[in-house]
Amino acid sequence: MNSIWSDHVQGVMTLYLSRKLRFDDIFFAQYEKLFNLDHNRDLIILEIGCGPGALAESLHRWYPKAQITAIDRDSNFISFAQENIAGIDFLEGNATHLPFENDFFDVTISNTVQEHIEPSAFWGEQIRVLKPGGVCLCLSARKGIHCSAPCLKMTNEEKELWDSIPIGR
Ligand SMILES: C[S@@+](CC[C@H](N)C(=O)[O-])C[C@H]1O[C@@H](n2cnc3c(N)ncnc32)[C@H](O)[C@@H]1O
């Protein structure tokens, strides 16, 4: 039982509702372009550090043919997702030791998780479970990573905040 994130950082509903807004259908066209995934394929997708499941829930609507598994080490997030979101396999587990065989997934995806996990384990495990030629999608709020998708455009206030923080801190 691990509930560090949901007890001390962001509660279940705070994270779920804020991500429901971030991954609302009004942004679908922009995410679709950004992800560039083939709708005609029966993709096998893994979301790493899924929290309470809002991104996986949207992916399930946007890619109905895909088989989606989502993993997080916080038990409260996984219990909430299992009870409230249908059609996705939610698992409690550690991104640094993924409980999957090599070369299994077509796509791995994460949203604001990469900055919290030791890089060689975070990337190494995804490379291991991705099929050769698979796609690793990493959405990040880290300063220095830029994306021109309009849905991720910063407000002036956010830009001022990030500009005030030295890189590498
Ligand atoms: C900023 S939250 C983002 C959650 C989710 N991706 C979202 O956007 O709602 C970071 C998440 O990473 C999870 N996490 C951190 N380290 C992890 C690890 N080693 N294995 C699995 N999950 C981890 C936390 O429990 C938390 O849910």
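Mentor: Let's start with handedness: a crossover is right-handed if, with the strands pointing away from you, the path from the first strand over the helix to the second runs clockwise. Helices (H or I, at least four residues) and strands (E, at least two) are DSSP runs, numbered from the N terminus. In this structure, strand 2, helix 5 and strand 3 make a right-handed β-α-β unit.

Trainee: What should I know about the model and its numbering?

Mentor: It is a predicted model: local features need pLDDT of at least 70 and side-chain atom pairs count only at pLDDT 80 or more, while totals for chains, interfaces and linings use all residues. Residues are numbered from 1 along each chain as its sequence is written.

Trainee: How many helices and strands does the protein chain have?

Mentor: Seven helices and five strands.

Trainee: Which strands does strand 1 pair with?

Mentor: Pairing takes at least two DSSP bridges between two strands. Strand 1 (44-48) runs parallel to strand 2 (67-72), with five bridges joining them. In that pairing, Ile48 has Ile71 of strand 2 as its bridge partner.

Trainee: Which other elements make a right-handed β-α-β unit?

Mentor: Strand 1, helix 4 and strand 2 make one. Strand 4, helix 6 (residues 119-129) and strand 5 make another.

Trainee: Why is strand 2 largely enclosed by the rest of the structure?

Mentor: Here we count neighbours: a residue is buried if 20 or more other C-beta atoms lie within 10 Å of its own, exposed if 12 or fewer, and partly exposed in between, with C-beta atoms placed from the backbone. Five of the six residues of strand 2 are buried, so the rest of the structure largely encloses it. Strand 4 is mostly covered too, with six of its seven residues buried. Over the 169 residues of the protein chain, buried ones make up 30%.

Trainee: Which residues have the most contacts inside the largest nonpolar core?

Mentor: A nonpolar core is a set of buried Ala, Val, Leu, Ile, Met, Phe, Trp, Tyr and Cys residues joined through C-beta atoms within 7 Å. The largest one here has 30 residues, and Ile45, Cys50, Ala56, Ala70 and Ala81 have the most contacts inside it. Take Ile45: leaving out residues up to four places away in sequence, it touches Leu59, Ala66, Ile68, Phe105, Asp106, Val107 and Ile109.

Trainee: Is Asp42 buried or exposed?

Mentor: Asp42 is exposed, because it has 10 other C-beta atoms within 10 Å. Look for it in the loop between helix 3 (28-35) and strand 1. Asp42 and Lys65 are 23 residues apart in sequence but 5.3 Å apart in space, C-alpha to C-alpha.

Trainee: Which residues are closest to the ligand?

Mentor: Of the 20 residues around the ligand, the closest are Trp5, Gly49, Gly51, Asp74 and Ala95. Helix 2 and helix 4 each supply at least two residues of this shell. By class (Ala, Val, Leu, Ile, Met, Phe, Trp, Tyr, Cys and Pro are nonpolar; Asp, Glu, Lys and Arg charged; the others, Gly among them, polar), the shell has nine nonpolar, seven polar and four charged residues.

Note on methods. Contact = placed C-beta atoms within 7 Å. Near = placed C-beta within 6 Å.
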